[in-house]
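The following questions and answers set computed values against the definitions behind them.

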Amino acid sequence: MALTLRLVTHDGTWQARFEAEAARLQAALSGAATAPLGAGPLRIEHVGSTAVPGLTGKPVLDVAVAVPSEAVADACIAPLDELGYEYRGPHGDDPRRRYYVRDVSGVRAVQLHIYVLPARAWDEKLAFRDALRADPSLASAYAAEKFRVADAVGWDKSAYA
């Protein structure tokens, strides 16, 4: 049985939820930033629909983390596991992207994307978020496209993705 997609109006608590999650991540991953061959600070960004005020989206936080090396990305696996994240491995078109999910009470709460810089997908993700934040008409058109696609796939979560 296919899981049903759920799109909701923007929730004003999403930013506070991101800030709390970012603090948890920073604390857990600060040691990973000093892993051998990977010294450097972590950068944690709120991305996806939950990062754009007023935008309809899935009620799942999207968090992107930039790291300076493969060694640091590898060193993130264990601390993220301790925070309840499930590692899904390299994911998508960019082999420099690692993907994790965290569910709460059986419901997806966070999708986490780790990018080893430089990574074009990181740059594109931030640019798209910033464009949506800067242009309400673009954000409105994007929301309409989300509903169009959801209708076209019968609100099937897997097909929508």
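Q: What makes Ser 137, Asp 151 and Ala 152 of H5 exposed residues, and where do they lie?
A: They lie on the face of H5 turned away from its buried side. Exposed means over 50% relative accessible area, buried under 20% and partly exposed in between (1.4 Å probe, protein chains only). The model is predicted: local features need pLDDT of at least 70, side-chain atom pairs count only at pLDDT 80 or more, and totals for chains, interfaces and linings use all residues. Residues are numbered from 1 along each chain as its sequence is written, and side-chain values use heavy atoms, with hydrogens and water left out.

Q: Why are the buried residues of H5 placed on the same side?
A: Ala 139, Ala 143, Lys 146 and Ala 150 are buried. They cover an arc of only 55 degrees around the axis, so they lie on the same side of H5; the arc is that of the directions from the helix axis to the C-beta atoms.

Q: Why is the pairing of Arg 129 with Glu 45 called a salt bridge?
A: A salt bridge requires a side-chain nitrogen of Lys or Arg within 4 Å of a carboxyl oxygen of Asp or Glu. The closest N and O atoms of Arg 129 and Glu 45 are 2.8 Å apart, so the pair meets the definition.

Q: Why does Arg 129 count as buried, and how is Glu 45 classed?
A: Arg 129 has 7% relative accessibility and therefore counts as buried. Glu 45, with a relative accessible area of 15%, is also buried.

Q: Why is Glu 86 called partly exposed?
A: Its relative accessibility is 40%, so Glu 86 counts as partly exposed.

How values were computed. Helix = DSSP H or I, 4+ residues; strand = E, 2+ residues; numbered from the N terminus.
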